[in-house]
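Dear colleague,

Please find below the structure I promised to hand over, with my notes after it.

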Amino acid sequence: MWGIGVAVYFVAIIFRTSLGVAGLDAADRFAVNASALSAFSILQLLVYAGMQIPVGLMVDRFGTKRVLSVGAVLFTAGQLAFALSPSYGMALAARALLGCGDAMTFISVLRLGSHWFPARRGPLIAQVAALFGMAGNLVSTLLIARLLDGYGWTATFAGSAAAGAVVLALVLLFLRNHPERSEGSTPPPARRPGGASVREQIALSWREPGTRLGMWAHFTSQFPSMVFLLLWGMPFLVEAQGLSRESAGSLLTLVVLVSMVVGLVYGQVIARHHAARVPLVLGTVSATAVVWAAVLVHPGDRAPLWLLITLCAVLGAGGPSSMIGFDFARPANPPERQGTASGIVNMGGFTASMTTLLVIGVLLDATGGNYRIAFSCVFVLEALGCVQILRLRGRAVRLERERLVASRVEAVHVPA
């Protein structure tokens, strides 16, 4: 069951990141500059981020099967429309539709995992789900790029849309929201909240320090690698660093491969040592900032290849680090608020990514394509996120510890 949900997420990531290897082709096809090109990803992420809390509420209310079904329909239609778009405006609308469907996938997969696996496996299951997402990114960097060279824009994007139809059929035919209980009954349907209780659910989730800590961890860790893979990595490596498309594609692939390996390691470490969560996040962010700075301030027009390889390897740890944010929010919220809390956390990284994509595009146009100045905005958001993590970590960890002790006392209590 969980594998079906992960398959939907896998395809959604292929569609989301397919523009990352087609950025230069899109600029030529629609005759747009850097700011207009970044608008594709910005709009897609704007829709994605804006949908996170509503999607969390929908998952809590309607279950994963319905939400995943609607998501698959929307992102498949968006990918197909993008393939056939004759103009920049229609292509923008297609990416917005794709972002709307994409937004419904990951939170649904997290909720599905919480139903089909015991809670102690939560950190590892979340990292493995993200690993399959990175595998979708790998398909984009390896397969979509080659198909674009061989078959062109329309055939590549329209052909890939068939994968969306396949996973939609799997969801409709086979997916179940949760396993049947031992007594043969299923959990009662979630209460359908009105407007007031919806607002209360969001407010209660937000008031939890663990939810906010998770959001800032996600905010700070995810966006450097997301921006690099989603749009600006290929232009930076080709135009600013003078690499061929093939070499640049190999470096983007390295980001994905490192992310897959690090995800498994982080998942195992956190499952055994919850105290390692904050150090892992701050360590990953610090390493990213140091290597980015080394690349940007390196004397000469281009950084050496070994430094670019190091940068891509370090960026690969950003995705797994951002997944730790969900492990702060999970123990801070009861089961009926898990989807809402996950939506708040997931909104963090995509808000940061959207902001960075916009700022980089504007700075590139304003500076005549100076990538050193444009990419310097990364440090501002990383500093903001680290300050918030340090501010919230003490209270969030203390409340989580108190809840854990209380639950253990309750579990061993025998009524008179």
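**The largest cavity**

The lining of the largest cavity is made up, by class, of 16 nonpolar, 13 polar and one charged residues, where Ala, Val, Leu, Ile, Met, Phe, Trp, Tyr, Cys and Pro count as nonpolar, Asp, Glu, Lys and Arg as charged, and the others, Gly among them, as polar. Please bear in mind that this is a predicted model, in which local features need pLDDT of at least 70 and side-chain atom pairs count only at pLDDT 80 or more, while totals for chains, interfaces and linings use all residues. Residues are numbered from 1 along each chain as its sequence is written, and side-chain values use heavy atoms, with hydrogens and water left out.

The structure holds four cavities of 30 Å³ or more, and the largest cavity contains about 330 Å³ of space. Of the 30 residues that line the largest cavity, Tyr9, Met134, Gln222, Met226 and Gly319 are the closest to its centre. Grid points are joined across faces, edges and corners, and a volume is the space filled by probe spheres set on the points.

At least two residues of the lining of the largest cavity are supplied by each of helix H1 (2-17), H7, helix H10 (209-240), H11, H14 and helix H15 (338-366), and H7 gives the largest share, six residues. Helices (H or I, at least four residues) and strands (E, at least two) are DSSP runs, numbered from the N terminus.

**The second largest pocket**

The second largest pocket has a volume of about 270 Å³, and of the 14 residues that line this pocket, Thr141, Ala145, Arg146, Arg245 and Glu246 are the closest to its centre. The elements that give two or more residues to its lining are helix H7 (122-151) and helix H11 (245-272), with six residues, the largest share, coming from H7. By class, the lining of the second largest pocket has five nonpolar, four polar and five charged residues.

**A salt-bridge network**

Seven salt bridges are found in a search of the whole structure, each being a side-chain nitrogen of Lys or Arg within 4 Å of a carboxyl oxygen of Asp or Glu. Aspartate 327 forms one of them with arginine 277, the closest N and O atoms being 3.8 Å apart, and this pair links distant parts of the chain, since aspartate 327 lies in helix H14 (residues 318-329) and arginine 277 in helix H12 (residues 277-297), 50 residues apart. Aspartate 327 is buried, with a relative accessible area of 4%, and arginine 277 is buried at 3%; here buried means under 20% relative accessible area, exposed over 50%, and partly exposed in between (1.4 Å probe, protein chains only).

Arginine 277 also forms a salt bridge with glutamate 400, the closest N and O atoms being 3.0 Å apart. Glutamate 400 lies in helix H17 (residues 377-412) and arginine 277 in helix H12, so this pair ties together parts that are 123 residues apart in sequence. At 16% relative accessibility, glutamate 400 counts as buried. Aspartate 327 forms a further salt bridge with arginine 330, with the closest N and O atoms 2.5 Å apart, and arginine 330 is partly exposed, with a relative accessible area of 22%. Through shared partners, these salt bridges join Arg277, Asp327, Arg330 and Glu400 into one network.

Eight of the eleven residues of helix H6 (residues 106-116) are buried, so H6 is largely enclosed by the rest of the structure. Among the buried residues is glycine 113, with a relative accessible area of 6%, and the C-alpha atoms of glycine 113 and histidine 178, 65 residues apart along the chain, are separated by 9.1 Å.

Alanine 31, by contrast, is exposed, with a relative accessible area of 70%. Alanine 31 sits in the loop between helix H2 (23-30) and helix H3 (34-62), and its phi is near 55 degrees, a positive value in a residue other than glycine.

With best wishes

Notes
On a 1 Å grid over the protein atoms alone, a cavity is a set of points where a 1.4 Å probe fits but cannot get out, and a pocket is an open set with protein on both sides within 12 Å along at least five of seven lines; lining residues have an atom within 4 Å of a point.
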